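Here are a few exercises to work through with the model open. Try each task yourself before you read the solution.

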Amino acid sequence: MQIKVSDTFLQPLIKINRTMRAKIVAGNWKMNKTAQEALTLTQEIIEGLKNVELGANKQVIVCPPSLYLSSVKNTTENSKLQVGAQNCHQNDFGAYTGEISVPMLQSLDIPYVILGHSERRTYFGETDEQIKEKVDKVLAYDLKVIYCCGELLAVRETGAYFDLVKQQISTALFHLTPTQLQNVVIAYEPVWAIGTGVTASPEQAEEMHAHIRHLIAEQYNQEIADQMTILYGGSCKPSNAASLFSKPNVDGGLIGGAALKADSFLGIIACM
Ligand code: PEP
């Protein structure tokens, strides 16, 4: 006999699982802002956050260009704002002109690093294997990873997007121990939605996030999957953030363009 569990029964359970995991809104500034603009934006966000009740499980992060990590980090002292890097190298130190290493980030007390962003994959040829090495390095130094995955438009159109994301996640993350995985946040960013103004619908985001959570449950277990924070990224803005974040498996956002202005970034944070 099949027992049908009603939605009204399931809702509180979904809520319990959601409150267990962190909710995050992270801004990826990419290669934008002068030094002075970066500080002004940081100060405006800090000011705006004074009116926001974040509570224990909500976090706000900005990821400025690496040149400004130190000054932005200093500006955020005693504020609710955290700072992350946009990338790092997989080696500790050495002759890698133009790169930054994880020990360097650690020496500035930077807690988060974005890895696997589609722009790193597309313009700098980063492979899943390379990204895996970077993931290992970041975790070895006790920093946290925001791991980006997501399919190109061509893959979405063939219908193979679930498999593609499975391949990205399993190559870069599934060798990690459960303890290591606790220091990873996943950002699903369909490439066709990044910087295009085309947002995935809340339903499209939810089905992929649920798929990712299911993959983690299969590889590890349901409890670990329930604790994983999964962000959506791709043309997220104040006008669509609430509907995206209302989905049970969407735990916040990785924000590009809309993170470059304090009012739009704060508008998204308010939807968290
Ligand atoms: C991003 O690049 O991570 C991103 C989500 O960009 P945008 O919000 O501009 O689409």
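**Exercise 1. Which residues of H2 are buried, and what do they pack against?**

Step 1. Pick out the buried residues (under 20% relative accessible area; exposed is over 50%, partly exposed in between, with a 1.4 Å probe and protein chains only). In H2 they are Ala38, Leu41, Thr42, Ile45, Ile46, Gly48 and Leu49.

Step 2. Look down the helix axis. The buried residues sit within an arc of 165 degrees, taken from the directions from the axis to the C-beta atoms, so they line one face of H2. As background, an α-helix has 3.6 residues a turn, so residues three or four places apart point the same way.

Step 3. Find the neighbours, counting contact as heavy atoms within 4.5 Å. The buried residues of H2 pack against strand S2 (58–63), helix H3 (69–75), strand S3 (81–85) and helix H13 (262–269). Helices (H or I, at least four residues) and strands (E, at least two) are DSSP runs, numbered from the N terminus.

A word on the ground rules: this is a predicted model, where local features need pLDDT of at least 70 and side-chain atom pairs count only at pLDDT 80 or more, while totals for chains, interfaces and linings use all residues. Residues are numbered from 1 along each chain as its sequence is written, and side-chain values use heavy atoms, with hydrogens and water left out.

**Exercise 2. Check the span of H2 against its 15 residues.**

Step 1. The expected span is 1.5 Å times one less than the number of residues. For residues 35–49 that gives 21 Å.

Step 2. The end C-alpha atoms of H2 are 21 Å apart, which agrees.

**Exercise 3. Work out how S2 sits among its neighbours.**

Step 1. Five of the six residues of S2 are buried, so this strand is largely enclosed by the rest of the structure.

Step 2. Strands pair if DSSP finds at least two bridges between them. S1 (residues 23–28) and S2 pair in the parallel sense over six bridges, with isoleucine 24 partnered by glutamine 59 in S2.

Step 3. The chain runs from S1 through H2 to S2, a right-handed β-α-β crossover (clockwise from the first strand over the helix to the second, with the strands pointing away from the viewer).

Step 4. S2 and S3 also pair in the parallel sense, over three bridges. Here isoleucine 61 has glutamine 82 in S3 as its bridge partner.

**Exercise 4. Is threonine 122 buried or exposed?**

Step 1. Threonine 122 is in helix H5 (residues 118–123).

Step 2. Its relative accessibility is 52%, so threonine 122 counts as exposed.
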